[in-house]
Structure formats: structure tokens, C-alpha cells
Amino acid sequence: MGDRVLELHQLVERLQAGVVGRVRETELVVAAIASDRHILIEGPPGTGKSTLLRGVAREMDIGFEFVEGNAELTPARVVGHFDPARVLSDGYDPDVFVPGPLMSALTNGSLLYIEELNRVPEETLNVLITVMSEREITVPRFGTVEAAPGFRLVAAMNPFDAVGTARISGAVYDRVCRVAVGYQSSDDETLIVQRAVAADVSGVDSTGASGAADFEQIVELVRLTREHPDLRVGSSVRGAIDMVFVARSLAELRGVDPADPSVSLDAALVALSGRVRLREGTTRTPEDIVTELWERVFATTADGEGGGDEGKVGAPTGAMTSS
């Protein structure tokens with residue numbers, strides 16, 4: 001028992017190298033998988049759900065079958081199907097069956113990872129419900145396949161996205177352990193941006209010199225989009241990462257410093273305007289709101305101190321604002 005606890009502690013420590021600011025959630029996921037439970041992680045985009053689950057599978061040396069949830073995910077695509085061409089010549093022989101990710105996970109005792117579970121059609125979810133309960137599946141003309149030791153369903157979804165999604169039934173929730181995650185802290189998100197930029201092949205000082213605006217300011221701007229009263233959905237930390245890279249390339253293209261206001265604002269508009277979602281009834285544009293927030297974070301007085309609008313750096317010519 002002592003050795004098992006030590007192994008789990010070491011596993012959590014290894015996972016922390018790749019997942020920023022998720023100590024508690026990492027412990028919960030590791031404990032659930034070690035207890036042979038099915039897991040559902042819920043949270044907004046860019047919060048490390050997939051990274052955490054993939055990391056657990058890698059560090060625990062467990063097989064990993066990936067399924068992207070969407071409206072086209074039929075039961076046959078998940079379970080598998082008989083090859084029509086070979087059926088004509090060989091009949092419904094087991095060797096003619098082409099296993100899907102669910103069948104492969106059952107046979108090999110792997111994790112079946114379903115991304116965006118709430119985009120999966122109901123008929124396909126019903127298949128998964130049966131497998132989670134019975135740990136086996138029966139395929140007509142093929143037979144019954146029992147789950148090998150180690151098989152578990154792990155899923156992730158963004159419960160805040162209403163486009164193309166459906167409500168998850170209580171039958172699914174009754175068969176999974178649910179872990180809810182939110183956005184990381186400002187310091188954690190800054191570290192995520194630093195790591196992403198430092199890992200780029202172009203090479204950037206990982207201490208924070210991004211070649212663009214300051215990392216902390218960029219993260220602050222992104223986090224403000226999640227609180228703006230005219231926005232229903234704000235940007236994930238991916239927006240901050242994109243803003244850094246776009247600003248650096250745009251500065252090279254224009255032959256100016258990456259911290260130049262025109263570069264910083266245009267990079268923000270490109271990286272963030274498509275990631276935010278307006279609230280119903282607002283007459284403002286995403287560009288208008290991103291510009292407003294950019295000015296709040298980046299605009300300074302000429303002498304570097306606050307107090308009045310004189311000397312304030314405004315939006316560069318060409319920035320989009322509401323009329």
C-alpha cells in the first residue's frame with residue numbers, strides 16, 4: 001500500500017511539469033483513474049482539460065483512444081463496422097469487422113477519451129452508457145466483447161458553449177466522476193504563455209521578454225474579456241499566446257518595436273475578437289470591446305504616471321470602433 005501511494009505521489013509530481021496550476025484537479029483525476037472510475041472534466045476552453053487527461057495516460061503508461069465529439073459521431077464510428085466490400089466475399093466473419101475506438105479501448109484495456117462529450121448524438125451516448133454500466137458490448141453478427149482490465153471512459157466538455165451542443169442526461173452523470181475546472185490564476189496563465197512562447201522554434205527568452213508587450217499585461221487583457229458586461233464569453237489563455245506571436249511577427253513586418261501601440265492593438269484585435277462572444281442585445285462590436293480593454297491595460301500617460309487623459313496613448317488610426 002505504501003508503494004502504491006508513493007507511485008501516485010510521484011505521478012502527480014510528474015504531471016505538474018506539464019499542467020500549470022492544476023494540483024487539486026490532477027490529484028482528483030489520478031485518484032479516480034487509479035480507482036478504475038470513469039471521469040468527466042467540465043470547464044471552459046483553454047483550461048488544460050485535454051492536456052491533463054493526455055498527461056495522465058502517458059505517465060501511467062495506459063493506452064489512449066481519442067474520439068472527437070461531434071454531430072457526425074454515429075454508433076458505428078465509435079464501435080466499429082463490418083467492411084462492406086469484404087462482407088460480399090467473406091460474409092459476416094469476425095475478421096471482416098473493423099474495430100472503432102471504443103472496441104479497441106475495450107479489447108486493449110485503454111482509456112477511451114471523448115472530447116466535447118456534449119456534442120455527441122444521443123444514440124451514440126446511449127451506447128456509451130451501456131458500456132460504462134455493463135463493461136461489455138454486444139455487436140450483431142460479431143458477438144459480445146468484455147472490457148479488458150484498465151478500460152475507462154474519460155471525457156471533457158465545455159458546458160458554457162450552447163452552439164451545437166446538447167444537455168447531458170442524468171444517466172451519463174450517474175456513471176462518471178465529475179471534475180469541474182475553471183480558469184487558472186493570473187500568475188498561472190502568465191506562466192502558460194511563457195512556456196508556450198519559450199517552446200517556439202524561433203526562440204524567446206522564457207523569463208518574460210516576449211518581444212511583444214509584457215506577458216502580464218497581455219494576460220490581464222485576456223482575463224478582462226471574461227468580465228466585460230457586454231461579453232457572454234471571454235477569451236481563453238490561447239488568445240494571449242496568439243497575441244504574443246502575432247505582435248512579434250507584425251512588428252517585424254512593419255519594422256517597428258513590438259511594444260509599439262499600433263502593433264499591440266492590432267495583435268489584440270486579431271487574436272481576441274474572434275474568441276469573444278457578445279451578449280444578446282448589445283450594439284457594440286467585438287473589435288470595439290477589445291479596443292476598450294486594450295486602452296485600459298496598455299494606454300499610459302506620457303510620463304508613465306496616471307492622472308488625466310492628457311498624453312494618453314490612444315487607439316492607432318485604423319482600429320475599429322463602434323460608431
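**A buried glutamate and a helix pair**

E42 is buried, with a relative accessible area of 5%. Why call that buried? Because the cut-off for buried is under 20% relative accessible area. Keep in mind that this is a predicted model.

Where does E42 sit? Its place is in strand β1, residues 39–42. The side chain of E42 has a polar partner. That partner is the side chain of Y173, and the polar contact spans 2.5 Å. Now set aside the neighbours within four places in sequence. E42 then touches K49, M157, P159, Y173, R178, V179, A180 and V181.

Next, the helices. Take α9, residues 186–198, and α10, residues 215–225. They pack at an angle of about 120°, and their axes are 9 Å apart. That angle makes α9 oblique to α10. The crossing of the two helices, α9 and α10, is right-handed.

Which residues meet there? From α9 come S186, E189, T190, V193, Q194 and V197. From α10 come F215, E216, V219 and R223. By class, this contact of α9 with α10 has four nonpolar, three polar and three charged residues.

Stay with α10. What caps its N-terminal end? D214 does. A side-chain oxygen of D214 lies 3.0 Å from the backbone nitrogen of E216.

And which residues of α10 are buried? They are F215, I218, V219, L221, V222, L224 and T225. What do these buried residues pack against? Helix α9 is one of the partners. The others are β10 (231–233), α11 (237–254), α12 (261–272) and α13 (286–298).

Definitions and conventions
Residues numbered from 1 in each chain as written. Predicted model: local features only at pLDDT ≥ 70, side-chain atom pairs only at ≥ 80, totals over all residues. Heavy atoms only, no water. Axes fitted to C-alpha atoms, helices over the stretch in contact; angles between N-to-C directions. Helix = DSSP H or I, 4+ residues; strand = E, 2+ residues; numbered from the N terminus. Parallel < 35°, antiparallel > 145°, perpendicular 65-115°, else oblique. Left-handed = near helix turned anticlockwise from the far one by under 90°. Contact = heavy atoms within 4.5 Å. Nonpolar A, V, L, I, M, F, W, Y, C, P; charged D, E, K, R; others polar. Buried < 20%, exposed > 50% of the residue type's maximum accessible area, 1.4 Å probe, protein only. Polar contact = N/O pair within 3.5 Å; in protein donor to acceptor, adjacent residues only side chain to side chain.
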